Amino acid sequence: MNEAGQVPASFIWGYAMSIEWLNEELYSAWGQRFRVDKELVRKKSDFQDIVIFESESHGRVLVLDGAIQITERDEFVYQEMLTHVPLLTHGAAKRVLIIGAGDGGVLRRVLEHPGVEKAVMVEIDGDVIELSKTYLPKIAGDAWNDPRADVIVGDGIEYVAKAVDESFDVIIVDSTDPIGVGEVLFTDAFYQHCARILGPQGLIVNQCGVPFMQADELRETSLRRARFFPTVSAYVAAVPTYVGGFMTLGVASKGGNPAKQDVAAVRERAREAGLLGKTQYWTPEIHVGSFNLPPYIAANLPASQD
Ligand code: SAM
């Protein structure tokens, strides 16, 4: 303890982690902090620094290179919106490709759709998968053992470059931000391959950050996706631990415009999939309404496609 009675912060990999607090210093002048009950594991993998800790307020938390990835308490918001929106928009997805998502949460939600016959998940860091299996078992549940799941440890861009034309109906990119290993998943080459391997009604969804602080992530990736897809839009979700207001999920579609859907049709698809009443954030109304963007977010999209 220092003279002020505070536990001195120890700096690990460039971000402050005291015995009591984990400070997420995502922005130079703004961040959030979690009171740490117990550090469960800390490992420097070949790709990133991995920490999983028990927090006082949000259950267990996964941190990669100092950035909050997922918490047990609010993961349902993000995973439900990143998964159910594209799958219920497509309406008949059988083959789904997941890039990143090493905690297994997206895989679990994809496999909740009985029409899905194959879920291929490509995660670059096997340590994230193994540590999530051990320390975050609630996030993926039993998804790892589902016979429809094919979990591959590899680089997402290498996978899509080698994948066969029109082999997927939906691609979900749940990656870290466009720095380090995640950067390749925000490039023209990546989107071009994704357009090639998606079927005629196919669509891709990408986590595009919090536009209040990261507007360029949505703007630049939407312009890139627009080069390879006829329809580009975005929808929002209020994820408490992705600080800064709405989290934006960028969408690009080879079929119709996802921003123009009918609540009744979405509800019917969800009923057929057995999802109605099984979600804590997603609803048919939230699904359709989430595409109605506040002007400060819509300003980062290419001119609207009618
Ligand atoms: N929900 C979080 C967010 O929005 O920031 C992302 C969670 S998930 C754990 C992010 C995953 O993307 C990490 O496990 C990371 O290893 C993986 N990843 C980053 N770059 C990748 C790449 N090029 N190919 C495959 N996976 C990648």
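A: The biggest contribution to the lining of the largest cavity comes from β7, with 4 residues. Strands here are DSSP runs of E, at least two residues long, and they're numbered from the N terminus. Besides β7 (67-71), the elements giving two or more residues are β3 (21-27), β6 (60-64), β8 (95-100) and β9 (118-123).

Keep in mind that this is a predicted model: local features need pLDDT of at least 70, side-chain atom pairs count only at pLDDT 80 or more, and totals for chains, interfaces and linings use all residues. Numbering runs from 1 along each chain as its sequence is written, and side-chain values use heavy atoms, with hydrogens and water left out.

Searching the whole structure turns up 1 cavity of 30 Å³ or more. A cavity is a set of points, on a 1 Å grid over the protein atoms alone, where a 1.4 Å probe fits but cannot get out; lining residues have an atom within 4 Å of a point. The largest cavity holds about 490 Å³, where volume is the space filled by probe spheres set on the points, joined across faces, edges and corners. It has 38 lining residues, and Gln69, Ser175, Thr176, Asp177 and Gln207 sit closest to its centre.

By class, that lining splits into 19 nonpolar, 13 polar and 6 charged residues. Nonpolar covers Ala, Val, Leu, Ile, Met, Phe, Trp, Tyr, Cys and Pro; Asp, Glu, Lys and Arg are charged, and the others, Gly among them, are polar. Domain 1 (9-71) and domain 2 (75-298) each supply at least three lining residues, with bounds taken from an automatic or database domain assignment.

How values were computed. On a 1 Å grid over the protein atoms alone, a cavity is a set of points where a 1.4 Å probe fits but cannot get out, and a pocket is an open set with protein on both sides within 12 Å along at least five of seven lines; lining residues have an atom within 4 Å of a point.
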